[in-house]
Amino acid sequence: MKTNKTMARLALTCLASIATLAVAAEPVNLEAAKQLAQTCQACHGADGNSTAAIYPRLAGQYPDYLARALHEYREGNRVNPIMSVYAEKLSDQDIRNLAAYFSAMPGQLVDLHGRMQGE
Ligand code: HEC
């Protein structure tokens, strides 16, 4: 009986450590993002608010939207000759970092009201 209890305790401990491993993604590193973002800022603006219409504003955008876009460029599900080149070099952690970094910048996003063709 005692052995059963010990085994059960051991099993629980194992499960607990597996659960911990599964959720332990590296925390966001904004310093690393700042370095990487220098390349991006040439097009997307130093403050993430590009003024040229062909470069989307990243500042203040939802982080999961930014991350998803970067994953899609990297995996080829969203195709753009420029962004594919930059995204293919990014790791999952780079993407998490960059998404948090740009998202935290004060944004000047606007909706497309009055700017859509045919409106
Ligand atoms: C040489 C110019 C250039 C550079 C450098 C660049 N981008 Fe882009 N980026 C673009 C263009 C152009 C688009 C729009 C592409 C499209 O229509 O899908 C874009 C789109 C994006 C989008 C999608 C935005 C949206 O609203 O859907 C994200 C996110 C993004 N870039 C992040 C980055 C990051 C992060 C970097 C740096 C690692 C970077 N970009 C570097 C030109 C650039």
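At what angle do the axes of helix 2 and helix 5 cross? The axes cross at roughly 85° and come within 8 Å; they are lines fitted to C-alpha atoms over the stretch in contact, with angles running from 0 to 180 degrees between N-to-C directions. The model is predicted: local features need pLDDT of at least 70, side-chain atom pairs count only at pLDDT 80 or more, and totals for chains, interfaces and linings use all residues. Residues are numbered from 1 along each chain as its sequence is written.

**Helix packing**
- Helix 2 is therefore roughly perpendicular to helix 5 (65 to 115 degrees).
- Leu30, Ala32, Ala33, Lys34, Leu36 and Ala37 of helix 2 meet Asp94, Asn97, Leu98, Ala100 and Tyr101 of helix 5 (C-beta atoms, placed from the backbone, within 7 Å).
- This contact comprises eight nonpolar, one polar and two charged residues.

**Geometry of helix 2**
- Helix 2 bends by about 50° at Gln38 (the angle between axes fitted to the seven residues ending there and the seven starting there).
- Gly45, with a positive phi near 95°, follows helix 2.

**Ligand shell**
- The ligand is surrounded by 19 residues, of which Cys40, Cys43, Pro56, Ala69 and Asn80 are the closest (C-beta atom, placed from the backbone, within 6 Å).
- Helix 2 (30–44), helix 3 (63–75) and helix 4 (81–87) each supply at least two shell residues (helices are DSSP runs of H or I, at least four residues, numbered from the N terminus).
- Helix 2 gives the most, with six residues.
- The shell has 15 nonpolar, three polar and one charged residues (Ala, Val, Leu, Ile, Met, Phe, Trp, Tyr, Cys and Pro count as nonpolar, Asp, Glu, Lys and Arg as charged, and the others as polar).

How values were computed
Parallel < 35°, antiparallel > 145°, perpendicular 65-115°, else oblique. Contact = placed C-beta atoms within 7 Å.
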